[in-house]
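Subject: Handover of a protein structure

Dear colleague,

Please find below the structure that I am handing over to you. My notes on what was found in it follow directly after.

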Amino acid sequence: MKSTEKKENGLVVSDFSNESKADFDHRMKWWRDARLGMFVHWGLYSVAAGMHNGKDVSGLSSWIMWGGKIPLSEYKEYAKEFNPIKYDPDEWVRIAKNAGMKYIVITSKHHEGFGLWDSKVSDYDVMDCTLYKKDILKSLSVACKKQGIKFGLYYSILDWYHPDAQANSYLIPKDEKPDNKENFAQYYEEYMKPQLYEIITQYDPDILWFDGEWIPDFTHEQGLALYQYVRSLKPSIIINNRVDKGREGMRGMNKSDRDYAGDFGTPEQEILENKSTLDWESCMTMNDTWGYKTKDNNWKSAKRLIHDLIDAVSKGGNYLLNVGPTSEGIIPAASISRLAEIGKWLEVNKEAIYETEPLKEHFKENENIRYTKKKGNDLIYAVLLEKPESEVVLKYVKPDKDSKIVILGNDKSLHWTYEPHVGLKINLPETDIAEPGEKYSWTFKINGKEITK
Ligand code: FHN
């Protein structure tokens with residue numbers, strides 16, 4: 001074994017800290033090109049759906065055990081009602097693909113501690129305590145592979161079920177919390193890592209999306225070791241920065257006080273204000289909550305979702321858009337209709353999103369214009385978020401001499417002029433560009449170069 005390796009329960013755990021930039025870029029390539037994924041929050045909280053004992057519980061539906069101060073003995077009863085007879089993994093993957101999503105990340109185990117697979121180290125899972133008794137992760141993994149989209153697993157370090165992880169629980173007042181590091185270390189070694197071994201070796205995920213890393217008992221040293229452990233199980237896997245302790249709140253990027261493990265930052269419910277030299281992915285809900293919540297009908301418009309995608313991609317980020325299926329396994333109709341709109345928009349505009357990178361200096365011209373650039377050539381896209389007037393002036397693009405400029409979805413070559421002190425002036429066609437349904441953007445395709453300072 002190399003000096004950088006050690007054996008753990010028969011697994012040779014390597015040290016990937018010195019991965020070359022070329023190897024890192026190779027591993028991240030599909031993920032960077034993908035740009036758009038589907039997040040799925042599904043668990044016992046989907047049965048509660050924001051209510052407990054007939055009363056609304058405020059806050060995130062995936063936090064109802066905490067928000068409702070529900071004792072574990074009472075909360076476990078929801079497992080008897082978790083029976084997703086309408087769950088159709090092939091249909092879920094079709095919905096994601098039709099929306100132009102290139103990967104799916106599903107909660108294997110959220111903070112509640114309930115597993116959507118048959119774990120050998122736990123009886124708190126879909127096989128041991130529900131009527132359903134089928135391996136949800138397996139069927140979704142198979143459906144993703146069959147339909148050619150990447151498969152990811154979310155795993156919560158925070159666990160409100162396991163007795164050795166309880167000191168992080170809401171039930172113990174802060175000043176009464178015991179020093180639980182020893183017990184948590186046991187949970188980490190004898191429960192968490194075996195579960196990760198199970199879900200990685202059995203379902204072959206392309207992404208491991210950790211969460212719940214903020215708890216006091218979980219340490220930076222454990223985070224560093226956890227990254228190496230997961231990469232050793234599948235060297236090509238991509239792991240978010242919540243595997244360690246670097247994340248700076250909901251902005252999701254790592255603090256700069258030291259090196260932290262993790263391949264990409266995870267802004268949550270927000271999009272970075274500017275580009276970053278690091279990889280990042282904004283995870284966002286379509287309404288106000290992650291898990292299904294009967295009374296949460298505060299749905300964002302398709303226009304807002306599409307504009308968020310454009311904004312993230314213009315700054316070099318990915319967009320992980322969430323759905324919260326019901327306990328029967330149905331993705332809400334309001335989510336499906338928005339995903340269909342996103343898919344229709346991408347059918348026309350996908351070349352401005354997939355396999356793109358930000359411009360060197362300018363991701364936007366003003367609040368109404370975002371730029372993207374095709375990787376490896378001089379194709380620049382100026383995406384107007386609101387309907388332009390009779391002409392558009394772009395200050396940061398100089399077209400190649402004979403560049404044909406079109407609006408995606410219409411092959412009509414537009415008249416344009418370029419003067420250094422004015423910029424690129426594009427005349428719009430008199431007649432509106434016919435396109436089925438609502439128009440969410442006007443994407444100008446330009447062969448040219450960015451004008452930098
Ligand atoms: O507490 C979780 C929440 O339920 C949800 O899973 C989000 C998604 O990133 N993460 C945590 C909140 O930051």
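Contact here means heavy atoms within 4.5 Å. Helices (H or I, at least four residues) and strands (E, at least two) are DSSP runs, numbered from the N terminus. The model is a predicted one, in which local features need pLDDT of at least 70 and side-chain atom pairs count only at pLDDT 80 or more, while totals for chains, interfaces and linings use all residues. Residues are numbered from 1 along each chain as its sequence is written, and side-chain values use heavy atoms, with hydrogens and water left out.

Overall form

The protein contains 11 helices and 21 strands. Its radius of gyration, taken over C-alpha atoms, is 24 Å; this agrees with the value near 22 Å that a compact globule of 453 residues would have, the globule rule being 2.2 Å times the number of residues to the power 0.38. Along the principal axes, the C-alpha trace spans about 70 × 55 × 45 Å.

Of the 453 residues, 57% are buried, where buried means under 20% relative accessible area, exposed over 50%, and partly exposed in between (1.4 Å probe, protein chains only). Among contacts between residues at least 6 apart in sequence, 69% join residues at least 24 apart. The protein exposes about 19400 Å², and carbon and sulfur atoms supply 52% of that area; the areas come from the Shrake-Rupley method with a 1.4 Å probe, and for residues only the protein chains shown count as cover.

As to charge, the mean positions of the 63 positive and 71 negative charges are 4 Å apart. Lys and Arg count as positive and Asp and Glu as negative, whereas His and the chain ends are not counted; each charge is placed at NZ of Lys, CZ of Arg, CG of Asp or CD of Glu.

Helix α11 covers residues 333-349, and its 17 residues reach 24 Å from first C-alpha to last, close to the 24 Å expected at 1.5 Å a residue. The expected span is 1.5 Å times one less than the number of residues. The buried residues of α11 include Ala334, Arg338, Leu339, Ile342, Trp345 and Leu346. Against which elements do the buried residues of α11 pack? They pack against β3 (36-40), α5 (89-98), α10 (302-314), β11 (318-323) and β21 (442-450).

Helix α9 (residues 220-233) has 14 residues and reaches 20 Å between its first and last C-alpha, close to the 20 Å expected. This helix is mostly covered, with 11 of its 14 residues buried; among them are His220, Leu226, Tyr227, Tyr229, Val230 and Leu233. The cover over the buried residues of α9 includes β1 (6-8), β2 (11-13), α1 (21-34), α8 (181-203), β8 (207-211) and β9 (238-239).

Individual residues

His41 is found in the loop between β3 and α2. With a relative accessible area of 3%, His41 is buried. Leaving aside neighbours within four places in sequence, the contacts of His41 include Thr107, His110, Tyr154, Trp290 and Asn322. The C-alpha atoms of His41 and Asn9, 32 residues apart along the chain, are separated by 32 Å.

Ala48 belongs to helix α2 and is buried, at a relative accessible area of 8%. Not counting residues up to four places away in sequence, Ala48 touches Ile64 and Tyr78. Ala48 and Thr294 lie 246 residues apart in sequence and 9.0 Å apart in space, C-alpha to C-alpha.

Two residues have a positive phi although neither is a glycine: Ala49, at about 55 degrees, and Lys69, at about 45 degrees. Ala49 sits in the loop between α2 (45-48) and β4 (51-52), and Lys69 in the loop between α3 (64-67) and α4 (72-75). Is each of them buried or exposed? Ala49 is buried, with a relative accessible area of 5%, whereas Lys69 is partly exposed at 47%.

Lys350 lies in the loop between α11 and β12 (356-357) and is partly exposed, with a relative accessible area of 34%. Its C-alpha atom is separated by 16 Å from that of Ala302, 48 residues apart along the chain. Thr452, in the segment after β21, counts as partly exposed at 41% relative accessibility.

With kind regards
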